[in-house]
Structure formats: C-alpha cells, structure tokens
Amino acid sequence: MSPICNARVLFKEFPGSDYPVVDQHLAYDDSQTVDPVTDPLDGGFLVKVLYLSVDPYLRRRMTPGGAPEESIQPFAINEPLVNYGVGVVLRSEHAKIKAGSHLVGFLPFQEYVILPNDDGITLLDSKPDGISWSAYIGVLGMPGLTAYSGWNEFSRAKPGETVFVTAASGAVGAVVVQLAKLSGCKVIASAGSEDKVEYARTIGADVAFNWKKDNTREILKREGPINICWDNVGGESLEAALDAAASHARFIICGSASNYNTGTPYNVKNLQLLIWKEIHFYGFLYLSLQPKHGPAFLRDMPRHVAAGEVKFKEHLTRGLARAGDALLDVLRGGNFGKSVIVVAEE
Ligand SMILES: NC(=O)c1ccc[n+]([C@@H]2O[C@H](COP(=O)([O-])OP(=O)(O)OC[C@H]3O[C@@H](n4cnc5c(N)ncnc54)[C@H](OP(=O)(O)O)[C@@H]3O)[C@@H](O)[C@H]2O)c1
C-alpha cells in the first residue's frame, strides 16, 4: 500500500479569554502521510481513530500555564489536540494488543496513530447490541462516569426529592436526569433551546424549560424548593438555584460552562446561603471518583443502556476537518447531545 494522508488538528495559538477561532487557534493539517502496511511499529501498535470526543474542558486546555487542577495541562503548540477517543487496531507488535481490537483512551486528533505502549488505553471486549462504539466516549465513557460517580457519591437522593439539572440535554446532564428519575426524584431540567427542552422531557424531566427564554428564578420558585442541584454551567442559574434551595440541599458542582470563555468569571453573590440553609457544596473531578465508582459504573451502565433505562443522544460531526466547528458548538451550546467527531467509519 502506498502512503495515505494522515490528517490532524493542530493547536496553533492560545485564544485569550474569548472563543477560539478556527484556522487561527486550531487548524486542520493534511500535510502528513502514513503507510498503514509498512510503517515500522517498533513494538507498538497502529490505531485507526474512529471517534473523538469533544468536551467543554478542552477549552480549559487552551489556557497558557494550564488550569488549577494538575490533570488539565495546556495543549502543546503545533501538536494535535488530544482527548478521549475510540479506535480500532490495524497492526500490532504489542503482546497484549491484537489487530482488530477496539480500544478507548486518550488519542490525538489525527486519523492514524502508532502508540508505543498501552498506557491509558482500555481494550473494549464487547458492546451492547445496537450501540455504536462511540458510546464509550459518551454515556459509557467519561461523561457517563462523571454523572454516575458524582450522583452516587454526593446526591444522597431520596424518592420524592426535587432535583434541578442544568445543561440537561448534554452528555453529562442527560445521564443525571435519568439517574435522578431512577432514584424516584422530581426533576427540573434547564436547557438552551426548544428541541433540547423537549428532549429533556422525553428522558423523564418532570419540568423542563429554556433558560434563554424563561425566567429560571420564577420556575425554581414555583417548582422548588430544590433538594439537589446538579450544576453544569455556574453563573446566574447557580445563584438562582441557591435562592431556591431547601435546607440541607446538596449542590453537586460539576462544571461551569458559562464561564469557560469569559475573562471575568461570574461572581455568585449569595454564597452566605450555604450557612443559613446548611447547604452542602460538592465540587469534584471524575478522575478522583473513578477508583471508587468506576467498577460499578462499568457493570451497571451498559445494563441500563441495553435495557433502555438510560437513553443517550449523540451530536455527530463528520470528518476531522470540522473539529474546530464541533468545539465551538459545544462552547456555545450548539451541540444537541454528546458531541462526537466521526473521524472514520469502520
Ligand atoms: N467535574 C468533572 O469531572 C467533569 C467531567 C465532565 C464534564 N464536566 C463538566 O460538565 C459540564 C457538562 O459537560 P458535557 O460534556 O455534558 O457538555 P454538554 O452539556 O454536552 O455541552 C455543554 C453545554 O453547556 C451549555 N452552555 C454552554 N454555554 C453556556 C452558557 N453560557 N450558559 C449556560 N449554559 C451554557 C450548553 O447547553 P444548553 O444549550 O442547554 O445551555 C452546552 O450544550 C461542563 O461544564 C463540563 O466542563 C465536568
């Protein structure tokens, strides 16, 4: 076989405190080639990348000096972006990795990659019937684990309690909505478009509203008080949720999507309510909860998905050339479901 194009998406420049610009801060590059048959493996294995995950935190890797948490290092200039992905092994000289195996792990944004070892790679033995391997970067992967581990660790949910979930149609939020329903709770869901609101209802939300059109405070006042808040966005809706919180409410602070592209984060002004209402605030990173909750997640979530008890929706972007647009969609709320780049069909 003669060499074929091995396209990549390179990180070019730090975007400052605004949204990244495609072709300036990240750029599609098709200057490299790979020969899948003859390129030397040197004891490693050749992976054809099938799916790459687009997550809001990628924006936080575009900050010079990095984020406060050690696990989030800045991308290297002129190197491919890196994130969770699913691939299939084409050739292998590695004792544990066989050609034809599917795997999930951190993969570069490029079509083919030779990995020298299996660090950070998980082999996928099987998948639930009728479900794409891409689920392993969504509901069966990091976002699903985030929802599952955060919910089981912190919610202390009791049937009949009221839960408020923001970005409720997204990769994490949609799983939380369904776990809250499985726990017997009433769910109030917010999302940023009519389609997303409708979807939140179809996966079980009792009350769903469009935060861009409806008044979050009024809805929470009418439908609350809130016993559990799962917050993916921060900012004004978090402030409104604190005002609508019940005594002893649990706030699970998962993300702050409304702040990722702004130079000056929104300052929540009513934190004193943590004292008066004896609210518990839990910020967490899924990696810290993985050792405790990962094994049960791997056992339970495929079963829930196969049984249709946890549904999921993917927002597919076809081709690496559109990776920058996919990232912008996630940062602006243009994604409807888990954002996945389909790099190649099998
Ligand atoms: N703590 C952890 O370990 C961990 C792990 C994974 C993810 N997270 C966080 O969890 C959150 C959800 O992640 P995801 O992967 O499921 O993403 P997602 O919900 O699929 O996509 C992000 C969503 O955030 C909402 N959003 C964007 N800008 C916003 C703004 N200015 N105000 C309000 N909402 C805005 C949009 O939804 P609407 O259109 O519905 O507003 C957008 O679709 C993110 O904050 C992410 O960083 C944390």
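Student: What should I know before we start?

Tutor: The model is predicted, so local features need pLDDT of at least 70 and side-chain atom pairs count only at pLDDT 80 or more, while totals for chains, interfaces and linings use all residues. Residues are numbered from 1 along each chain as its sequence is written, and side-chain values use heavy atoms, with hydrogens and water left out.

Student: OK, ligand first. Which residues are closest to the ligand?

Tutor: Val 172, Lys 196, Trp 211, Tyr 260 and Asn 335 are the closest of the 26 residues that surround the ligand. Being near here takes a heavy atom within 4 Å.

Student: How much of the ligand's area does the protein cover?

Tutor: On its own the ligand has 900 Å² of accessible area, and the protein covers 90% of that. Those areas come from the Shrake-Rupley method with a 1.4 Å probe.

Student: And which domains do the shell residues come from?

Tutor: Domain 1 (4–138 + 313–342) and domain 2 (142–287) each give at least three residues to the shell. The bounds come from an automatic or database domain assignment.

Student: New topic. How many cavities are there?

Tutor: The count is one cavity of 30 Å³ or more, and the largest cavity holds about 80 Å³ of space. On a 1 Å grid over the protein atoms alone, a cavity is a set of points where a 1.4 Å probe fits but cannot get out, and lining residues have an atom within 4 Å of a point. Volume is the space filled by probe spheres set on the points.

Student: Where does that cavity lie?

Tutor: Between domain 1 and domain 2, because both give residues to its lining. Among the lining residues are Ser 169, Lys 311 and Glu 314.

Student: What about the second largest pocket?

Tutor: That pocket has about 600 Å³ of space. A pocket is an open set of grid points with protein on both sides within 12 Å along at least five of seven lines.

Student: Which element gives the most to its lining?

Tutor: α7 does, with eight residues. Helices are DSSP runs (H or I, at least four residues), numbered from the N terminus.

How values were computed
Helices (H or I, at least four residues) and strands (E, at least two) are DSSP runs, numbered from the N terminus.
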